[in-house]
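Here is a short briefing on one protein chain. The structure comes up next, and the notes follow by topic.

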Amino acid sequence: MEGETGEKGSVCGSSEGDVIGEMMEMIENVGSYVGFRKTQRKESLNLVRRMKLLVPLLEELKELGTRAVSGEALEHLARLKKALVVSKKLLKTCNYGSKIYLAHEHEAVVVRFHAVCDKLNQALDDLPYNDLGISDEVKEQAELMRMQLKRAKRRTETQDIELAMDLMVVFSKTDDRNADTAILERLASKLELHTVADLKAETEAVRKLVKDRKGLSAEASQQIVELLGKFKKLAGMEETNVLDCPISSRNLQRCPSLVIPHEFLCPISLEIMTDPVIVATGQTYERESIQKWLDSDHHTCPKTGQTLAHLSLAPNHALRNLILQWCEENQFELPKKDIRAGSNGSSIEVKRKVSSLVQNLSSSQPDVQRKAIMKIRMLAKENPDNRILIANRGGIPPLVQLLSYPDSKLQEHTVTALLNLSIDEANKRLIAREGAIPAIIDILQNGTDEARENSAAALFSLSMLDENKVMIRSLNGIPPLVNLLQNGTTRGKKDAATALFNLSLNQTNKSQAIKAGIVPALLHLLEDKNLGMIDEALSILLLLVSHPEGRTEIGRLSFIVTLVEIMKDGTPKNKECATSVLLELGLNNSSFILAALQYGVYDHLVEIMRCGTNRAQRKANCLLQHMYKCEHIPWNFNVGA
């Protein structure tokens with residue numbers, strides 16, 4: 001076969017030529033999928049739609065089958081086929097896989113969608129369109145797909161918070177609400193598992209999941225099986241065992257892939273870790289998996305959902321030693337990872353490249369500067385070593401100077417490059433010391449939408465250092481952030497909220513934010529459900545309510561009404577935060593509690609005491625006790641419950 005490739009080179013006339021037909025068949029197959037799971041339906045349909053954009057390209061390649069094609073072009077086509085195979089595998093999982101499993105592993109599946117988009121984009125980028133004889137019209141179609149794939153890599157909405165909270169409750173061993181009928185019914189509805197047909201199909205999917213296990217722990221399998229059993233019982237199905245036989249830890253241990261201790265599995269890939277690293281929240285992940293997550297513009301911990309204080313990764317040597325010891329004792333061979341070329345040769349090459357780019361930042365030619373900035377921006381995004389190298393080669397001072405260059409697009413790339421560099425702790429100080437903060441604030445006020453968004457994100461990153469929190473306030477950086485929170489794009493509002501939350505950890509900064517009008521802006525976020533920023537707004541309010549000026553602003557009647565409405569109709573997390581805010585208000589001024597009582601808060605507090613999150617129950621209990629002490633309500637409820 002190798003001899004034929006070099007001689008004939010025909011895409012459709014050799015065994016390699018079957019690649020085109022196979023790719024077209026794959027796209028046709030995924031186009032016939034009609035059962036995408038609700039939790040991944042939007043991402044799945046978008047990916048199928050993008051894959052269909054490849055059809056004109058493949059059809060034209062098929063028509064040009066008699067053209068001589070180089071071996072290199074065939075390699076690129078094989079790479080595109082490989083990307084489509086990975087895409088089809090993911091879509092097949094989202095179409096036929098267990099609904100419970102896909103909801104439980106939502107964030108991990110999101111990472112897989114991002115990885116698929118990366119592979120497809122790279123494959124299309126590398127295609128030698130001219131060598132293949134592709135027409136301009138079809139090239140434009142391929143470019144459209146690439147643009148859509150790039151947009152798909154931008155931030156995505158997180159999982160339904162109520163669904164995530166319900167899953168957390170039903171999988172909990174300590175929460176006595178894990179068999180609560182109301183929660184189970186809500187979950188069954190959200191997962192579309194309320195009919196006998198749905199549950200029979202899910203049983204088959206779970207049976208296959210357990211049988212074909214690829215790293216899912218015994219505990220996770222047990223949880224999924226038990227939840228399915230509860231759903232079946234809820235639907236009145238008499239079957240006691242979800243699978244052919246009772247599933248116990250002993251049964252699960254018979255499968256070699258399930259004996260891996262749960263703590264050795266990466267929460268993202270669900271595979272045993274070979275290079276475990278710790279993120280800012282203390283959670284451990286496989287380096288490759290979490291790096292892909294971070295490179296996709298995520299600033300949260302996939303497992304906890306918390307915003308990461310920094311994006312540095314620390315090797316977990318203790319866990320790696322335990323994994324190696326376990327592998328040796330159980331004669332288990334760790335999977336081999338592809339080793340990137342990168343030892344001495346490529347390291348020297350990267351250093352030379354970075355030195356050249358830094359030198360070009362001071363070029364008298366704007367185009368040379370622009371290209372250097374864009375390359376530095378990408379290098380700084382790729383990995384921690386590059387950030388340190390760029391700083392060590394003197395890249396930060398000229399970048400700071402270019403922030404003031406009178407070109408909005410160049411400013412946008414520059415502030416984004418500094419944002420990426422600021423992920424490194426030492427760089428945060430260096431960037432601030434070089435005088436970047438005033439220029440970043442200026443771009444925040446006058447730049448393009450994307451430049452304003454990334455300026456807010458840069459201020460958030462820099463404000464991780466307490467000294468920079470003070471500097472941003474002294475340079476009057478808080479009012480422009482409040483303005484972005486009020487008037488920015490959806491992404492801009494989120495970046496501004498994150499920065500303002502961090503800055504409001506400083507007591508003096510709270511006062512400036514309140515004077516700048518942050519409270520009315522937050523009220524708007526609470527009222528506009530379409531923005532999906534209720535959690536962010538309540539989190540900031542919880543910080544501001546500890547400040548006297550904040551309590552005065554927040555305690556206005558319109559805010560009290562909104563808080564009570566959230567405590568009635570919000571998600572479990574919303575209710576928890578709103579209750580905490582009202583408690584802080586009430587402890588300082590009982591008139592706020594009287595106002596809330598007029599709008600029916602008592603009944604909502606009793607309901608939260610019955611089925612809220614553990615923290616919400618504690619806050620509701622404290623609030624009810626305070627109401628009793630202030631003689632606002634009679635002592636006719638069990639505050640100790």
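**A buried histidine**

His 626 counts as buried because its relative accessibility is 16%; buried means under 20% relative accessible area, exposed over 50% and partly exposed in between, with a 1.4 Å probe and protein chains only. The model is predicted: local features need pLDDT of at least 70, side-chain atom pairs count only at pLDDT 80 or more, and totals for chains, interfaces and linings use all residues. Residues are numbered from 1 along each chain as its sequence is written, and side-chain values use heavy atoms, with hydrogens and water left out.

- Helix α36 (residues 614-629) holds His 626. Helices (H or I, at least four residues) and strands (E, at least two) are DSSP runs, numbered from the N terminus.
- Leaving aside residues up to four places away in sequence, His 626 touches Gly 586, Leu 587 and Ile 593. Contact means heavy atoms within 4.5 Å.

**The whole chain**

- The chain has 36 helices and three strands.
- Of its 641 residues, 50% count as buried.
- Take the contacts with a separation of 6 or more: residues 24 or more positions apart account for 70% of them.

**The sheet**

- Three strands make an open sheet, ordered β2-β1-β3, with antiparallel pairing. Two strands pair if DSSP finds at least two bridges between them.
- β2 (284-286) and β3 (314-315) are the edge strands, each with a single partner strand, so one side of each has no neighbour in the sheet.
- Strand β1 (residues 276-278) is joined to β3 by two bridges, and the two run antiparallel. Ile 278 stands opposite Ala 314 in β3.
- Helix α15 (residues 287-295) packs on the sheet and touches β1, β2 and β3. Its direction makes about 95° with that of β2. Axes are lines fitted to C-alpha atoms, for helices over the stretch in contact, and angles run from 0 to 180 degrees between N-to-C directions.

**The α26 and α27 pair**

- The axes of α26 (residues 478-487) and α27 (residues 490-503) come within 8 Å and cross at roughly 140°.
- α26 and α27 are therefore oblique to each other. Angles under 35 degrees count as roughly parallel, over 145 as roughly antiparallel, 65 to 115 as roughly perpendicular and the rest as oblique.
- Residues in the contact include Leu 481 and Leu 485 in α26, and Ala 496 and Leu 500 in α27.

**Helix α19**

- Buried residues in α19 (residues 384-392) are Asn 386, Arg 387, Leu 389, Ile 390 and Ala 391.
- Just after α19, Gly 394 has a positive phi of about 85°.
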